[in-house]
Amino acid sequence: MSGLVHLVEDDPDAAALLAELLGLDGLDCSVQATLAGLQAQPDAPSPTAVVSDFHLADGHTGAEVLLLARQRWPGARLVLVSGLDGDAVRAELERWLPGLSTQVTVLPKPLDYEQLIAVLG
């Protein structure tokens with residue numbers, strides 16, 4: 001597998017582990033802890049996928065991250081990881097990405113890495 005994943009995860013241990021695993025599977029990984037971190041890189045290369053946690057420590061949500069991703073990189077796969085009920089997550093996605101929420105893969109926590117790789121593959 002090859003490609004670039006922009007990962008937005010505010011837990012540094014989880015981000016480091018996931019970036020390492022993705023690297024072992026042949027994917028380059030850019031890690032940001034916040035929406036602002038991703039916004040601060042307007043010239044970031046186009047990724048294969050953007051993977052974001054739903055709740056971020058800066059008060060923003062992964063839905064906002066994916067809105068930015070859709071605007072910058074329309075061809076990227078969008079993945080949201082959340083421990084919340086799927087209906088609540090879908091409602092938040094529909095609020096930020098009206099009509100596009102069905103283009104987002106929502107994966108539950110705890111994250112099943114094999115499921116993520118299947119989505120990215």
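## Helix crossing: α1 and α5

A crossing of two helices is called left-handed if the near helix is turned anticlockwise from the far one by less than a right angle, and right-handed if clockwise. By that rule, α1 passes α5 in a right-handed crossing. The model is predicted, so local features need pLDDT of at least 70 and side-chain atom pairs count only at pLDDT 80 or more, while totals for chains, interfaces and linings use all residues. Residues are numbered from 1 along each chain as its sequence is written, and side-chain values use heavy atoms, with hydrogens and water left out.

The axes of α1 and helix α5 (residues 113–120) come within 12 Å and cross at roughly 55°; axes are lines fitted to C-alpha atoms, for helices over the stretch in contact, and angles run from 0 to 180 degrees between N-to-C directions. That makes α1 oblique to α5, a label for what remains once angles under 35 degrees (roughly parallel), over 145 (roughly antiparallel) and 65 to 115 (roughly perpendicular) are set aside. On the α1 side, Leu-18, Leu-21 and Leu-22 make the contact, meeting Tyr-113, Leu-116, Ile-117 and Leu-120 of α5 (contact means heavy atoms within 4.5 Å).

## The sheet

Now for the strands. Helices (H or I, at least four residues) and strands (E, at least two) are DSSP runs, numbered from the N terminus, and two strands pair if DSSP finds at least two bridges between them. Five strands form an open, parallel sheet in the order β2-β1-β3-β4-β5. β2 (27–32) and β5 (104–108) stand at the edges with a single partner strand each, so one side of each is left without a neighbour in the sheet. From one strand to the next, the twist averages 20°.

Strands β3 (residues 49–53) and β4 (residues 77–82) are joined by five bridges; in β4, Val-81 is the bridge partner of Asp-53. Helix α3 (residues 62–72) packs on the sheet, touching β1, β3, β4 and β5, and its direction makes about 175° with that of β4.

## Nonpolar cores

A nonpolar core is a set of buried Ala, Val, Leu, Ile, Met, Phe, Trp, Tyr and Cys residues joined through side-chain atoms within 4.5 Å, where buried means under 20% relative accessible area (1.4 Å probe, protein chains only). The largest has 20 residues, and those with the most contacts inside it include Val-50, Trp-73 and Leu-93. Its largest share, five residues, comes from α3. Apart from it lies another core of 15 residues, among them Val-51, Val-79, Leu-116 and Ile-117.

Notes: Buried means under 20% relative accessible area, exposed over 50%, partly exposed in between (1.4 Å probe, protein chains only).
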